[in-house]
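Subject: The structure, and what was found in it

Dear colleague,

I am handing over the structure we spoke about, and I would ask you to open it and keep it in view while you read the notes that follow. They take up the charged pairs and then the nonpolar core.

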Amino acid sequence: GRTLRHLFRDRGGNVAMMSAGLLTVVLAGAALAVDQGAIYFERREAQALTDLAAITAAAHIEKAPDAALLTFTDNRERNITLIRDDQIPDDIETGSPTAKLHVQEGRYEADPAIEPMLRFTVGGEPFNAVRVTYSKKATLYFGSAIMEPPTITTTAVAASREEAAISIGSRLASVDNGV
């Protein structure tokens with residue numbers, strides 16, 4: 001009994017005990033910050049790739065799904081399932097180890113009177129635009145032991161405008177400081 005009372009009255013080592021407790025909290029906070037920063041970076045990377053895939057698909061509207069998928073595979077995103085329009089689009093949100101890519105052709109009206117989210121119409125003909133939606137599980141470095149990785153979903157709409165151009169000229173001769 002006396003040793004136990006002496007232990008509770010002893011004030012030596014308090015700083016070490018508080019430091020050990022505080023170090024645990026600081027390390028957990030640092031691990032959370034690393035995971036959140038990695039998710040933020042991964043989402044920005046996914047959005048940039050989705051934007052690029054939408055632009056490529058709009059430029060090749062006749063084979064938009066294949067063009068978008070090729071853009072992802074050319075940029076080292078390999079394990080992707082392409083969702084066709086005859087499949088259920090809600091399937092893109094389900095938890096799966098593979099990333100999902102959904103490409104929809106449609107019509108984009110660049111009318112400022114129309115709300116931006118309503119300017120793209122899926123299936124509107126003639127096709128001049130695509131909407132690309134990419135979904136994948138984020139990578140957690142420290143939090144994977146205690147939680148399921150969140151799903152990153154990015155969407156991009158790109159339209160193409162048909163234009164014609166005529167250039168006339170010759171590159172056979174040039175005039176530089178006289179003849």
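This is a predicted model: local features need pLDDT of at least 70, side-chain atom pairs count only at pLDDT 80 or more; totals for chains, interfaces and linings use all residues.

The side chains of Glu-42 and Lys-136 meet in a salt bridge, with a distance of 3.1 Å from N to O. Since Glu-42 belongs to helix H2 and Lys-136 to strand S4, this pair ties together parts that lie 94 residues apart in sequence.

Lys-136 also forms a salt bridge with Glu-77, where the closest N and O atoms are 4.0 Å apart. Glu-77 sits in the loop between H3 and S1, while Lys-136 is in strand S4, so this pair ties together parts that are 59 residues apart in sequence. Glu-77 is partly exposed, because its relative accessible area is 22%. Taken together, Glu-42, Glu-77 and Lys-136 are linked in a network of salt bridges.

How many salt bridges does a search of the whole structure find? It finds three, and one of them joins Glu-109 to Arg-107, with the closest N and O atoms 3.2 Å apart. Glu-109 counts as partly exposed at 38% relative accessibility, and Arg-107 counts as partly exposed at 24%.

Turning to the nonpolar side of the structure, the largest nonpolar core has 24 residues, and those with the most contacts inside it are Ala-68, Phe-72, Leu-101, Val-103, Val-130, Val-132 and Tyr-134. At least two residues of this core come from each of helix H2 (14-59), helix H3 (64-74), strand S1 (80-83), strand S2 (99-108), strand S4 (129-137) and strand S5 (151-159). Of these, H2 gives the most to the core, with seven residues.

With kind regards

Terms used. Residues are numbered from 1 along each chain as its sequence is written. Side-chain values use heavy atoms; hydrogens and water are left out. A nonpolar core is a set of buried Ala, Val, Leu, Ile, Met, Phe, Trp, Tyr and Cys residues joined through side-chain atoms within 4.5 Å. Buried means under 20% relative accessible area, exposed over 50%, partly exposed in between (1.4 Å probe, protein chains only). Helices (H or I, at least four residues) and strands (E, at least two) are DSSP runs, numbered from the N terminus.
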